[in-house]
Amino acid sequence: MIEVHDVRKQFGKVQALAGATFTAADGQITALLGPNGAGKTTLLRTLVGLLKRDHGHIAIDGVDPAVDPMRVRRNIGVLTDQFGLYDRLSTREYLTYFGELNGMARPAISTRIAEVSELLALDDILERRAKGFSQGQRIKVALARTLLHRPRHLLLDEPSRGLDVMSTRALRRALAALKADGCCVIMATHVMQEVIHSCDDVIVIAGGATVAQGTPQALCARTGLESLEDAFVSLVGTEEGIEL
Ligand SMILES: Nc1ncnc2c1ncn2[C@@H]1O[C@H](COP(=O)(O)OP(=O)(O)OP(=O)(O)O)[C@@H](O)[C@H]1O
């Protein structure tokens with residue numbers, strides 16, 4: 001479980017987070033929805049201890065990432081906008097390297113590579129070097145790395161960007177498997193279809209603060225609107241940040 005209370009973060013004069021408060025439960029996919037510049041990426045980076053918050057409280061299964069970032073990172077997988085692939089390594093070599101960094105034994109790594117490869121349909125690029133990979137292929141390999149050590153928590157920053165229909169389906173399958181496994185997943189996205197299809201709970205963030213949290217149905221009911229897209233626009237007061 002991820003608990004966040006009144007988290008604030010300032011970069012110079014920019015107040016990137018101005019009171020983010022929410023809880024993300026285990027066994028659920030929680031969407032983080034907000035217009036451009038709302039503070040989603042800053043929030044995800046703060047959750048994993050990559051950024052130091054100025055104020056507020058964060059607990060990942062009871063552990064504060066500012067106090068014990070290494071313990072938090074052992075149990076968390078993070079997909080950011082920096083995929084960090086190595087051009088000279090094949091997908092298998094890359095995943096093996098990260099498995100070893102996470103303390104996994106070679107046989108366990110091989111088994112797990114086969115599993116994530118099937119889940120994300122990586123077969124055709126497993127033995128290829130990353131140089132020349134398309135955007136979608138890069139995201140899939142980065143996502144495979146994120147899932148490899150079976151983290152209990154996952155933070156995904158726009159995982160569906162650049163994915164074709166087959167890869168989007170592979171992502172959905174992966175999310176459903178993680179959910180069934182009891183993982184706590186937070187997914188920042190602009191894509192309403194992904195929220196409607198995959199997410200149980202939605203956090204709406206604007207101006208660095210949480211403006212609402214609830215199921216897509218609860219957010220529609222709260223705003224008296226029929227579609228999640230209309231509810232989102234009503235809650236944040238702008239159409240910016242939506243992809244259908
Ligand atoms: N390192 C930084 N230095 C200065 N300002 C920053 C930094 N990182 C983020 N910001 C600012 O903080 C605010 C929140 O940015 P953030 O990237 O968290 O938003 P976001 O919701 O992820 O946006 P998007 O949907 O466009 O990716 C923005 O105004 C951004 O310009």
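Colleague: Which strand and which helix each supply at least two residues of the shell around the ligand?

Modeller: Please bear in mind that this is a predicted model. The ligand is surrounded by residues that include Val 14 and Ala 16, as well as Lys 40, Thr 41 and Thr 42. The elements that each supply at least two residues of this shell are strand 2 (14–24) and helix 1 (40–47).

Colleague: How do the residues of the shell around the ligand divide into nonpolar, polar and charged?

Modeller: The shell includes Phe 11, Gly 34, Asn 36, Gly 37, Ala 38 and Gly 39. Helix 1 gives the most to the shell, with 3 residues. By class, the shell divides into 4 nonpolar, 6 polar and 1 charged.

Colleague: Which residues have the most contacts inside the largest nonpolar core?

Modeller: In soluble globular proteins, nonpolar side chains tend to be buried together. Here the largest nonpolar core has 66 residues. Those with the most contacts inside this core are Ala 144, Val 185, Met 187 and Val 204.

Colleague: From which helix does the largest share of this core come?

Modeller: The core draws at least three residues from each of domain 1 (1–75 + 152–244) and domain 2 (85–150). The largest share, 7 residues, comes from helix 5 (residues 135–148).

Colleague: Which residues does Val 204 touch, not counting residues up to four places away in sequence?

Modeller: Val 204 is among the residues with the most contacts inside the largest nonpolar core. One of its partners is Gly 34, a residue that also belongs to the surroundings of the ligand.

Colleague: Is Leu 89 buried, partly exposed or exposed?

Modeller: Leu 89 is placed in the loop between strand 5 (76–79) and helix 3 (91–101). Its contacts include Tyr 94, Tyr 97 and Arg 129, and the C-alpha atoms of Leu 89 and Arg 129 are separated by 5.1 Å. Because Leu 89 has 16 C-beta neighbours inside 10 Å, this residue counts as partly exposed.

Colleague: What is the radius of gyration of the protein chain?

Modeller: The C-alpha trace spans about 50 × 40 × 35 Å along its principal axes. A compact globule with 244 residues would have a radius of gyration near 18 Å, so the chain agrees with that expectation, its own value being 18 Å.

Definitions and conventions
Residues numbered from 1 in each chain as written. Predicted model: local features only at pLDDT ≥ 70, side-chain atom pairs only at ≥ 80, totals over all residues. Helix = DSSP H or I, 4+ residues; strand = E, 2+ residues; numbered from the N terminus. Buried ≥ 20, exposed ≤ 12 C-beta atoms within 10 Å, placed from the backbone. Contact = placed C-beta atoms within 7 Å. Core = buried A, V, L, I, M, F, W, Y, C linked by C-beta atoms within 7 Å. Domains from an automatic or database assignment. Rg over C-alpha atoms; globule rule 2.2 N^0.38 Å. Near = placed C-beta within 6 Å. Nonpolar A, V, L, I, M, F, W, Y, C, P; charged D, E, K, R; others polar.
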